[in-house]
Each structure stands twice: as C-alpha cells, then as structure tokens.
Amino acid sequence: MTDIKAVVRASHPDIVLTGTVAHDRSSKVKSVSEAGTDPTSGKFFYHIESSDFRQFEDGLREDSTVGEFERVIETRDDEAIYSFEYTDEAKILSPVISAANGVILEMENDGSAWILTVWMPERTDLVQLWDYARRNEIDIELLRVNEYASLGTTDAGLTDSQREALLVALESGYFEEPRNATLGEVAEDLDISQPAASGLLRRGIKRLVISSLMDDSEEPD
C-alpha cells in the first residue's frame, strides 16, 4: 500500500467559518490537530489569530455555519483557542476525509478558501472528497500530492514511539470526526500518560507534515 499526503484548496461560502474569516480579514484560523472533536459535545477546536477578537466574534454571531462558540483560552494578546459547534448549514470536510480512512494533518484559511493537508491510505481515496465537493458545489483544487510507502513501513523521520502512537490513534478512531476514542484511551492503549501521548501525536504529526511538504533545505530547526 502507498499512502499519500495531499494539499487541497477548497472554497464555498458555507464551508465552516468562511463567513467569519470574511468578516474579520485580520484573522487566521488553523485547526488544533491534537485536540480534534469532543465526541460527547460535538465541539471543534481551532487556533485563532486576530487583531480584534470583538470583530472576530461579531463575525461568528453572523456566521450561519456556527452555532455555539467559546473562547477557551488566550495564548497571547492576538492569539486564542476557540471551540465551535456547527449548524446544519455548515459544509464540513473532515467527516468525508475520515470516512475515507484519511486524516486532516492541518487546515488553515487562505482568504475565502481553505488549505487542507490530508493524509490518505491510497491516492484513489481522494475521489470521495472530490465527489462530496461536486455534490455540494464546492470549488476544489489539488495543489500538491506526494506518495510514500505506508505509514507502517516507513519512518518519515518518525521515532518508533511516534509511529506506534499514530497507528494506535488511527486504528482506534482518534482522528475521526467526531472521535471514536479519547486521548485518554489512546494513552491507556500505549500504557503512557495523556501528556506523553499528546506529545507523541503532536510531534509525529509535525514530522509527517515536514516529510511530505518541505524539502530538506526548508526543514525548521
């Protein structure tokens, strides 16, 4: 099996948070990959940068894709973690990717569009995402795709512990939306603490992104 890392650009006014970003042009939205979704509450977590959180939250209140929201924590004056609940009007790409056994490694806004870095077991699994986009009139473009040996047989710069943690999390449904396993359950399967499991997953995802999207000369220190 050959897995892939694909970078996809998708745009539609009803993709979650698109209206909010249009309202607050200073804002930057990125998914919090190690947080994901709380399976009991349906909350999605994002890292937000904004020069004016009042304007950003005004946009949230007017955004038809967003139901409840909460500023969970401020990490800096212009950065915070938010949780969101989506409305029925929202077009959500993560369940489609999860249904294809894929994982969103990273998602961030690019003006009126969204850039998704996606891991898939097979290149043909991208067809499901394209089918969903066509049915929902979403403009979608493949920006980049790299093929690799399976995650189970290649290191991609991963340590043995990071690879094991990612595989256990994937098999348990931790990366699905909503999640089928909590971080605590993944940690229990690995027989380590939750902070240790979170660190392994976070560093493992970072290594996958670096190995698939950056040249050696671009790799950060």
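The model is predicted, so local features were required to have pLDDT of at least 70 and side-chain atom pairs pLDDT 80 or more, whereas totals for chains, interfaces and linings use all residues. Residues are numbered from 1 along each chain as its sequence is written, and side-chain values use heavy atoms, with hydrogens and water left out.

Helix α4 spans residues 126-135, and its buried residues are L126, L129, Y132 and A133. These residues lie on the same side of α4 because they cover an arc of only 120 degrees around the axis, the arc being taken from the directions from the helix axis to the C-beta atoms. Helices (H or I, at least four residues) and strands (E, at least two) are DSSP runs, numbered from the N terminus. Just after α4, E137 takes a positive phi of about 55 degrees, although E137 is not a glycine. This residue lies in the loop between α4 and β9 (139-149) and is exposed, with a relative accessible area of 65%. A positive phi, near 60 degrees, also occurs at D191, likewise a residue other than glycine. D191 is in the loop between α6 (183-190) and α7 (194-213), and its relative accessible area of 68% makes it exposed. Most residues other than glycine have a negative phi.

Over the whole chain, the secondary structure comes to seven helices and nine strands. Of the 221 residues, 46% are buried. The chain exposes about 11000 Å², of which carbon and sulfur atoms supply 43%; accessible areas come from the Shrake-Rupley method with a 1.4 Å probe, and for residues only the protein chains shown count as cover. Among contacts (heavy atoms within 4.5 Å) between residues at least 6 apart in sequence, 65% join residues at least 24 apart.

Strand pairing, which requires that DSSP finds at least two bridges between two strands, involves β4 (residues 43-49) and β2 (residues 28-31), which run antiparallel and are joined by four bridges. K28 has E49 in β4 as its bridge partner. Strand β4 also pairs with β6 in the antiparallel sense, over six bridges, and H47 stands opposite I81 in β6.

The largest nonpolar core contains 35 residues, of which L17, V29, Y46, I48, Y82, F84 and W114 touch the most other members. Such a core is a set of buried Ala, Val, Leu, Ile, Met, Phe, Trp, Tyr and Cys residues joined through side-chain atoms within 4.5 Å. Two or more residues of this core are given by each of β1 (2-11), β4, α2, β6, α3 (94-99), β8 (113-120) and α4. Leaving aside residues up to four places away in sequence, L17 touches V29, Y46, L60, D63, T65, V66, F84 and W114. A second, separate core comprises 20 residues, including Y174, A187, L190 and L201.

Aromatic pairs number six in the structure; rings of Phe, Tyr and Trp (its six-membered ring) pair if their centres lie within 6.5 Å, and planes under 30 degrees apart count as stacked, over 60 as edge-to-face and the rest as tilted. F56 and Y82 form an edge-to-face pair, with ring centres 5.4 Å apart and planes at 65 degrees. This pair links distant parts of the chain, since F56 belongs to helix α2 and Y82 to strand β6 (residues 79-86), 26 residues apart. F56 is buried, at 0% relative accessibility, and Y82 is buried at 0% relative accessibility. The rings of Y174 and F175 are also edge-to-face, their centres lying 5.4 Å apart and their planes at 75 degrees; both residues are buried. One aromatic cluster is formed by Y46, F53, F56, Y82 and F84.

Helix α2 (residues 53-62) also holds E57. This glutamate is buried, with a relative accessible area of 13%. Not counting residues up to four places away in sequence, E57 touches F69, R71 and Y82.

Conventions:
Buried < 20%, exposed > 50% of the residue type's maximum accessible area, 1.4 Å probe, protein only.
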